[in-house]
Amino acid sequence: MPEIKITPLGAGQDVGRSCILLSMGGKNIMLDCGMHMGFNDERRFPDFTYIAPDGPLTSYIDCVIISHFHLDHCGALPYFTEMVGYTGPIYMTHPTKAIAPILLEDMRKVAVERKGESNFFTSQNIKDCMKKVVAVTLHQSVMVDGHLEIKAYYAGHVLGAAMFWIRVGSQSVVYTGDYNMTPDRHLGAAWIDKCRPDLLISESTYATTIRDSKRCRERDFLKKIHECVDRGGKVLIPVFALGRAQELCILLETYWERMNLKVPVYFAVGLTEKANNYYKMFITWTNQKIRKTFVQRNMFDFKHIKPFDKAYIDNPGAMVVFATPGMLHAGLSLQIFKKWAPNENNMVIMPGFCVVGTVGHKVLNGAKKIEFENRQTVEVKMSVQYMSFSAHADAKGIMQLIQYCQPKNVMLVHGEAAKMEFLKEKIKKEFDLECYMPANGETCVVSTSMTIPLDVSLKLLKTEAQKHNSLPPDPKRPRVMHGVLVMKDSSMCLMDVDDACKEAGINRHLVRFTSTLRMEDPGPASKTAEKLLHLIKTRLKDWHVQLTEGSISVESVLVKVEGSEEEQKNVYVSWDNQDEELGSYILGLLKTMGH
Amino acid sequence: MIGGLLPVGGNSESSAQAMMRHVGDYTRSEEARVRSAAFRTMLTVHERGSKLDSSVYSEVCLALKDDYEVVREVALKLVWVLGQTYPENMITVAESEEEIRLVDDAFGKVCLMINDLSMRVRTLAAQFLGTMSLVSPKFLQQTLDKKLMSNMRKKCSAHERAWESVTSGEWASGKKWADDAPRELVDAESVSLMSSGSCGAFVHGLEDEYQEVRNASVDSLCSLSLNNLQFAQLSLDFLVDMFNDEIEDVRLKAIDSLTKISKYTVLREDQLETILGALKDFSIDVREGLHKMLSACRLSSKGCLQMCVECLLDNLKKYPMDRRSTWRCLQKIGQAHPELTLPLVPELLAIHPFFDTPEPDVEDPAYICILILVFNAAQHCPTMLHLFEEHTLKHYSYLRDTMPNLVPALKLDGSRRSAELVSVETGTAQFFDSLLAHIEAAPNPRIQEELLEAAQRDLTRLATIDSAVAGAAQFSALYIGSQLLMVKLLSNRLWANPSTLATQQGNIIRNSITQLLQHCLKLQHLFVGLKEEDLAAVKQFKLKALALQLVYIVRASNSSALALCEHFLEQIEDTQRYLIEQGLQPEAFTASVFKEMGQLEDTKPGPVARSLLPLLQVSSPAPPPRPNIAVRMSTAVITEPTGEVDAALKFTAGLVIGVLLDAELCNVRNTATLRVKVKYPDQQTQLIVPKCSDLRPMLLSDSEGNSVTSDTSDTNFRLLTTVLVSHQVWTEACTIDISLALDLTDVESGLGLGTGLTNRKGTVAGVSKAVGDPCVIDLCKPVKVFVSPKPVKRGI
C-alpha cells in the first residue's frame, strides 16, 4: 500500500511555527516554515535537525511551500535557507513574496536591535532567501519536477494567502495554511474545487467556535466610533501593521464616504505605508467590491485616511487614529494611549487578541490605573472596547471546506489539542472520514488506495466508447475492454490484441476449448439442437444467439449436436479462450439441464 | 439530445413516459454536458405542460452533488420545479424512517445549495428560496437559525443579546470585553456542524462573498416574509443588518424589502436605532428609501417616535434637499401613530405650561416638519387640538393653504375656517356640466361665441380651484380657446388672400396658425385619460387646423406645400380610420372633408386646397366634448433649483457647469419626449434629453388620498438630474431659464416639416431650436438660475 507520511515540526496540536514535513511517492515537501512568537530561544524555530542530524538539507527536501506572509508561517525561512543551508526551490504567491520580506525585516530589527540578540539572520540573509523564491499565481499548476505538481487556491485570511494542492503520481494532498470561509471587507472567501485529495491538512484555530454574522460586529464598531467622534472624542485603534489594519481602514473609509463625515482619520506611517502599496498593487486578490471599485479608483487610495504625525496627538477636536502595535505594549500606540486615556470622551478599540502582560490586556480587563516602568501612572478614564475581527475559518467553515474538496482523509493542525479532539470526532461522525491530529515530531502515516496508471491505446478506447455510447447509459452495465497488457520497460500499456501481436512480431494463436457432453434425447439431432437453442435463448436473453447448420453459436461459442436418431447424442461445446466465461456458463447450463 | 423536446405534448401517456425514461437514462451519462442537457430536457418537457413524474426526484437530488456546475444548476431547477409541483407528496428521509413533505425536503435541498461552490448555483438557490412559499414554517424558521458557540460553549448571537437587553430593561449597559462571554457548556454530541437541512441558509446567503447572492437572498427573505408573519418578525433583524452592507445596491434592496414587510412588523427601539443610523448616508437613494420605509413602518413606543423624529430633523439639517421627502415621511408617521405623538406634542412644539414661548419661524423646514407630524396626528386624535397655541393654529391655516396635500383638514371647533373646501367639490362638476350645456344650447353663433369666451375664463379659474376636475377643466378651456382662435382667424378673411404675404397682418396670421397647431398638439399630448370621444374631437380639430394651414400656405405664401399636403392626407386617413374603429360620428366639417377628399382624384396641394377653402369658410366651431373627470394634464414642478439664489454660479466660459435639477412630473405618458429646456439670455434655446436612469417612478406614497388612481404610478416620475450649462463669456452674471418641455418633433414629424416655420437641425441632445417651435410644449414655468461664465484665466 502506498503511504503518505506527515510529520509536523511545528503547529502539531499547537499554534505557531507552522512547519509540516510531507513525504509521499518518494518526494519530501516542507509546508510552511514559521517561527514561534512566544519563545526567544532556539525553540522559536522548528527543529530542522529532525530532517537530517547535520549537513545540508537540500538533498532531503524537494521543495518548500509557504502559504502566507504571517511570521508563524514564514518566519524561519531565512534561518532555514541561509543558516541551515537549504538551496532548493521555495514556492509562494506573489503578494506573499512581496510582503514577507518587509515583515521579516521588521522582526529582525526588533530581535536584533531592540533585544540585542546575536546569531540572528541578517538583512542580507532575507534578501538572499527571497531570491530563491518562485512566485506562483492562483490556479497555476507548477511542475516542481517531473512528478511533483503544485497548485495554489485562494484562501482569504490575508492578502496573498493560498491553499496548496500537491500531487505526486496518483497521490495528492491539500494544505490549507490559514483560511477564511466568510468574506470580509477587503478579501473574499476561500475557494477550492472538488479535487478529492487523499489528504486534507487543515488549520483548526477555531475548531470549537461558530461565529455570529460579521455585520453586527462591524456595525457595532462603526456606531461606537461615530458616537465617540460626534461628541468630540478621540478614537485610538491599536493595530498590527498588516492584515486587519487594512480591513478596518477600508471599513472606516467606506463609512466615512457613506456618511460624508469630515472628522480626520489618521494612520501611523511606517511599515504600513509600504504594505498599503502592495495592497494597492494586488487588487486581483481582493474581494468583489474592491475589484469593481477599482475601475473608478483604488480603494486602498484612501481619501479620508491620512498619515499621522506625532504633533497631531495634542490637536483639539475629534479624530480617529490607527497606530501600531496592536497590543499597546510599546511604540506609538502606547504613546497616544498615555495622552488620551485620562479623558472620558476618548475611546480605545482593541480589534484583536492581547497577550497577558501587555498594557492592552490590562486595559481590557478593566484596569483603571496603569503603572509604567518609570513609576509613571496613567488613569484610564476613556472607554475601552473590544471587537474581535479575526480571519480564520470557524468550525462550520472547516466543515464546509471539507465538503467542498471531498478528501479521503483529514488532518488537523494549527490549533489546540482539546479543540481539535472535538472537531475530529465531528468529522468522523458526519463525513465518515479518517481524521488525524499528530503532535509535533509525531509521524503520521496515511495509507492511500493503490492505483496503477495504465496507458490504453486510443483505438481501443474509441471502439469501446463508440459501442458504449450507442446505447443509453446505464450505470449497472459493466464496461468491458478487451486487450493485451503489455509491459515495456517501466511503463505498462493496454493494447489491442492484433496490434500487440504485430508489435511483438508474433502470430496470433487462438486457443479453443472443446467439451463433449452426452445426453439422452430421442429424436433427430436437429430437434435436439432446437431444444437447446430454445433453452439457451431463454437463459441468455440479451445475447445474440443463432442457429446455423445445426450448430448454435453465441459469440465464439459453438454448440453442436451430433448423433443419429438414437438415444445418445454427443453435444460438442467449444469456445474461444476469450469467451471462457460464456463458454463455461453454457457448458454448465447444458450439464445441469437434465436435473 | 434537444431533439427529445419535440415529441411531447398530446402524445399518449405511455410513449411520453418511455421517452422520459430514455432521457432519464442519459442523466447518468459520463459527460457532464450530456447530463445537464438531459435534465434540461426534462425541464423543458415539464414547462410544456407534460408533468414530470415525481419518481425522478430522488435521482435529481443525487445530481445536486454532481461535480459539474452546469449539472448542479439544472438539477437545482428541477428540484425546485418538483417541489412546486408535488408539494404534498410524502417522502422518507434517507437515514431515519421519518416522512416529510416533498416541498420541505426540496426546500432543504435548495438551502444546502446555498453553500455550493459555484456562485451561479448559489444565486439560483437564493432566488428559489424566495419562491417556495408552500414550505412549512418549521423549516422556514430554521433558515435563520445558526447556533453559535465559542470554545464549546453556547453563545448568544448579537441579535439575541439585543433582544435580551430590551426585555430585561437594561439598555445601553456598554459592552465589556467579555460581554459576549459564552455561557453553558454545549454537549459535544448534540452539536451538528454540518447543517442537515435548511439550517442557517439565509444566514449564509446574506454573508456571501458576492453581491448577486446577497441580493437574491434579500429578495427571497422579503418575499417569504410577506407570506409568513412570524418569519417576517424573525427576518427583521437580518434585514436591518443588511443596511450595513458594503455595496449600495444591496443596502437599497434591504431598505426596499423592509418597506414591503414593515406593514406586518413592529420595529423595536434597538432595531430602529440601527435603521436611523443609516439616515446619515450620503446617498440620496438610501435616504429617500429610508423615508419611505419609515413612513410605512409601525413603531412600538413613544421613545421610538421621538428618536425617529429627532433623527429626521438631524438629517434635514445635514441634507436640506431632503425637505420634501422628509415632510411626506413625517406626514405618514403622524397619520399612523396619533396616540404616540400625543404625549410628545408639548415637547415637540416647545409648549410651556406657564410661559409663552417665542413663536417659531414658520418658514423653518424643521419646524414645518414638526407641524406636519403633529397636524397629521391630530387628524385622528381630537384631544390634541386643545394643546395647540394660538400661533400654532395660525401656522396651521398658513400651511393648510400652502401645502394642502401634506396638511389635512382639521375640525377646529369654533374656528373661522371649517371645511369650506369640501362643499365646493361637490358643486364644481355640476357647474362644469351646466356651463357646457349652456354653450350647446346657445341660440346663435354670436351668443355662442361670447359664451365660449366666458366659459374659457371660468374654466381656467375652475382648474385652479378644484384639483379633482382641474384636468378636465383645463382640457375644455384649451379646446374652447383654440376654437375661438380658429373662429377669429376664419372671420378674418385675409388668410386666403395672397396679397397678405409680407404684410404685418400676414405675420399675425402666421403666428396664429402656429399657435393653433401648438394648441392641437397640447390637446393631443399633454393630457392623459382622454376618452375616445375626446380624442376624436381633438383629432378632428387638428384636421381642421391643418386644413387651414394648408390653404394658407397654398394661397397666401410661396413656399412648397407638397409635404404638408401629404401629411394632411395621411391625417385624414388616420382620423377616418380612428373614427370608424371607435364607431363615432364625424363632425359636420370632418364629414364634408372626408366626402370631398374621397371625390378628389388629384392629390396635388392646389386642388386639395381649392376644395378645402369653401368648407372652411362655412364651418362653425364644434362644441367642446363632454367633461371627463378622468382627464389629467401633464404638469411638472421644479423643486430644485428654487430660483431664489442670489449668488451666481461661476464657471469657466466654454466649459460646462452642472446644475442640479429636481422635478416632479405628473401624468407624463411618453417620457421619451421629455426634454430639459435651457434658455440663455441671448434667446438661444437648448433642449437636453435627460438620462433614462435619472427618471425614477414615483410610488404612490404621495397620492392625495383616493383621487389618484393606481395607474398613476407609471405616468408619475421624479426627475433628478444634472443639467449641463455652458456658454461663452459674459460681462456680468445673468439668469438662464431652465424648464421642462415635451419635444414632439419626432412624433409629429410630418407637421414639423410642413410648417416651414421651424428650422430643424437635428433632434439629439443640446440642439438649439427656434423659439416659436410649435412642437415644443412647455410643462412648467421656467426657473431662473443665475450664472456667470468667466473668461479663461491665463498664465497660471
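Biologist: Thanks! How many helices and strands are there in chain B?
Modeller: Chain B has 29 helices and 19 strands. Keep in mind that this is a predicted model.

Biologist: And what share of the chain B residues is buried?
Modeller: Of the 796 residues in chain B, 51% are buried. As for the accessible surface of chain B, that is about 37200 Å², with 54% belonging to carbon and sulfur atoms.

Biologist: What about contacts along chain B, how many link residues 24 or more positions apart?
Modeller: Counting contacts in chain B with a separation of 6 or more, 75% are between residues 24 or more positions apart.

Biologist: Switching to charge: which residues gather in the negative patch on the surface?
Modeller: Glu227(A) and Asp230(A) from one chain, with Glu310(B), Asp314(B) and Glu347(B) from the other. Two elements give two or more residues each to that patch: α5 (214-230) of chain A and α15 (302-318) of chain B.

Biologist: Is Asp230(A) buried or exposed?
Modeller: Asp230(A), which lies in helix α5 of chain A, has a relative accessible area of 54%, so Asp230(A) counts as exposed; the cut-off for that is over 50%.

Biologist: New topic, where is Asn215(B) found?
Modeller: Asn215(B) sits in helix α10 of chain B, which covers residues 211-227.

Biologist: Why is Asn215(B) called buried?
Modeller: Because its relative accessible area is 14%, and buried means under 20%.

Biologist: And what does Asn215(B) touch?
Modeller: Leaving out residues up to four places away in sequence, Asn215(B) touches Asp249(B), Val250(B) and Lys253(B).

Methods. Residues are numbered from 1 along each chain as its sequence is written. Chains are lettered from A and ligands numbered from 1 in the order in which they are written. This is a predicted model: local features need pLDDT of at least 70, side-chain atom pairs count only at pLDDT 80 or more; totals for chains, interfaces and linings use all residues. Side-chain values use heavy atoms; hydrogens and water are left out. Helices (H or I, at least four residues) and strands (E, at least two) are DSSP runs, numbered from the N terminus. Buried means under 20% relative accessible area, exposed over 50%, partly exposed in between (1.4 Å probe, protein chains only). Contact means heavy atoms within 4.5 Å. Accessible areas come from the Shrake-Rupley method with a 1.4 Å probe; for residues, only the protein chains shown count as cover. Patches are made of residues with over 30% relative accessible area and no salt bridge: like charges are joined within 9 Å, nonpolar side chains (Val, Leu, Ile, Met, Phe, Trp, Tyr) within 5 Å. A salt bridge is a side-chain nitrogen of Lys or Arg within 4 Å of a carboxyl oxygen of Asp or Glu. Lys and Arg count as positive and Asp and Glu as negative; His and the chain ends are not counted. The place of a charge is taken as NZ of Lys, CZ of Arg, CG of Asp or CD of Glu.
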